[in-house]
Amino acid sequence: MHNLTILLFFPLFGAGIIALLRRDQEPLIRYVAMGISLGTLLFAFGLLALFDPSSASLQLAEYYQWNPRLGTHYSLGIDGFSYPMVLLTTVLNFIAILASTNIKNQVKGYYMLLLALETATLGVFMAQDWIMFYLFWEMTLIPLFFLIDKWGGANRGGASINFVLYTMGGSVFILISLLALMDATHAHTFEISVLVDSAQHLGVETTVFIFIGFLVGFGVKIPIFPIHGWLPLAHVEAPSPVSILLSGILLKMGAYGLIRAVQMLPMAVEKLQPFLVALAFINLIYGALLAWRQRDLKGMIAYSSISHMGVVLLGIATLNVLGWLGAIMQMVAHGLVAAILFLMIGLLYERTHTRDVEQYSSLILVTPHFAFFTVLAFVAAIGLPGTTSFIAELHILLGGFERWGWWMILLMLGVLINATYAVRTIGRLFTGPVRPAMQHIHDLLPHERIAASILVIGILVLGIYPDSALKLMRASVDHVGFLLVGSY
């Protein structure tokens, strides 16, 4: 059976169904989008029964020759790197659709674009041919551009153009590196597995040149300082459900692509390791400091994402098994945490029409459910024990200490800064006298509590029982032990 093809195109099939519905059938459009997204989620988790976590090989693979002259193939597959991202994608897309009930204009186009975006992101994580990967990578730009430009905030035009220009600029570097890699290896194919084997015989200087192109291209999406300029504006101006996808999934595409590039070019990464570590620490501290200075709640979460993705980059740069397990776990953890933060802040903004943290106080008396989920989200964001972020950061801390010793104090400094602004924000939102303008805010509705509960359950279950997630990743990470210098 072609399970991955079904999973890949099912959301696009849903978009086609919505296209056939009339514009005035808004409730039906919402139910169809929600049903398709839920079906995609359940199908993705159903593949757990077919996925062997003890095997590092590509699973559920589908392979068809596409264009023999160009060496391209329709090739899908999942492993311990991609399958966790597939599961995360389906969960967050369902949450985004569930949180989109306040979208009132052009509802039909909005849900079609969300489902098309889900297919594009799933394609990025399941593609096993670089050209196929690149096509899906570029496909994500189209729905995101319109989602920000049509349904975003006051500066949505500039934000959408900024996002597209940054990402397209990065994509040029990815394409150049792919062409250079194919030429250098003399491999008449873009299959990822074949290029991984062929690239091991290249010289160090060649691999460094090629890897820098990948680093720039994927670094735009991660994002890495100083090519992060699109992120704060896009996050602030995008509608909150789209911010969930931008932060929860789109940033992970960059980190996932970088992991695949490191697998192909380990010698280049070892040569550039000090540079990567420096970038990681800059991201970590810089993002945390800017988040600390923000009064706009969405801006705060956007800059904190730069800091948390710096932790992912640090885990990748360790080049050991502990660090890589931590990096992938941090990708999952940040996806869940950023999603619930953007969900809560978006719902609060819809009720109050302000994101200025100074305008709030003592919301715990008015919106207790909102307070409960928001405090849990900030607690998870700073990596307290019992949350997924703690497991991820602990692995990266141990992997980094094994590699660089006491330099890992800088990681703890970033965690402390994140804790400072998180505690300050909780205090501003939920303590002090109740402001008159905030006395009549509606608490979370049932469907909003369901969305928040799904994310909180994921954060806590993976924090208390992390082995269920680590088992999915461990075999694949161990398999690339030829470039990793630690042991788990």
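This is a predicted model: local features need pLDDT of at least 70, side-chain atom pairs count only at pLDDT 80 or more; totals for chains, interfaces and linings use all residues.
How many salt bridges does a search of the whole structure find? The search finds eight.

1. A salt bridge between distant parts of the chain. The side chains of D79 and R260 meet in a salt bridge, with an N to O distance of 3.0 Å. D79 belongs to the loop between β2 (72–78) and α3, whereas R260 belongs to helix α11, and the two are 181 residues apart.

2. Because E358 lies in the loop between α15 and α16 (368–381) and R428 in helix α18 (residues 409–430), the pair ties together parts that are 70 residues apart in sequence. E358, at 28% relative accessibility, counts as partly exposed. R428 also counts as partly exposed, at 33%.

3. D467 forms a salt bridge with K471, in which the closest N and O atoms are 3.8 Å apart. Both residues lie in helix α20 (residues 467–479), and their separation of four residues is about one turn of the helix. D467 is partly exposed, with a relative accessible area of 34%, and K471 is partly exposed at 45%. Through salt bridges that share partners, D467, K471 and R474 are joined into one network.

4. The packing of α3 against α15. Helix α3 (residues 82–98) and helix α15 (residues 321–352) have axes that come within 10 Å and cross at roughly 5°. Angles under 35 degrees count as roughly parallel, and α3 and α15 are therefore roughly parallel to each other. Which residues meet in this contact? From α3 come P84, M85, L88 and L92, and from α15 come I328, M331, V332, G335, L336 and A339. By class, the residues of the contact of α3 with α15 comprise nine nonpolar, one polar and no charged.

5. The covering of α10. Helix α10 (residues 230–237) is mostly covered, since seven of its eight residues are buried. The buried residues are W230, L231, P232, A234, H235, V236 and E237. What covers them? The covering elements include α6 (141–151), α7 (156–185), α9 (204–221), α11 (240–264), α14 (297–317) and α15.

6. The largest nonpolar core. In soluble globular proteins, nonpolar side chains tend to be buried together. In this model the largest nonpolar core has 185 residues, of which F211 and L246 touch the most other members. Helix α15 supplies the largest share of this core, 19 residues. With residues up to four places away in sequence left out of the count, F211 touches L258, A261, V262, L265, A268, V269, L272 and L276.

Key
Residues are numbered from 1 along each chain as its sequence is written. Side-chain values use heavy atoms; hydrogens and water are left out. Axes are lines fitted to C-alpha atoms, for helices over the stretch in contact, and angles run from 0 to 180 degrees between N-to-C directions. Angles under 35 degrees count as roughly parallel, over 145 as roughly antiparallel, 65 to 115 as roughly perpendicular and the rest as oblique. Contact means heavy atoms within 4.5 Å. Ala, Val, Leu, Ile, Met, Phe, Trp, Tyr, Cys and Pro count as nonpolar, Asp, Glu, Lys and Arg as charged, and the others, Gly among them, as polar. Buried means under 20% relative accessible area, exposed over 50%, partly exposed in between (1.4 Å probe, protein chains only). A nonpolar core is a set of buried Ala, Val, Leu, Ile, Met, Phe, Trp, Tyr and Cys residues joined through side-chain atoms within 4.5 Å. A salt bridge is a side-chain nitrogen of Lys or Arg within 4 Å of a carboxyl oxygen of Asp or Glu.
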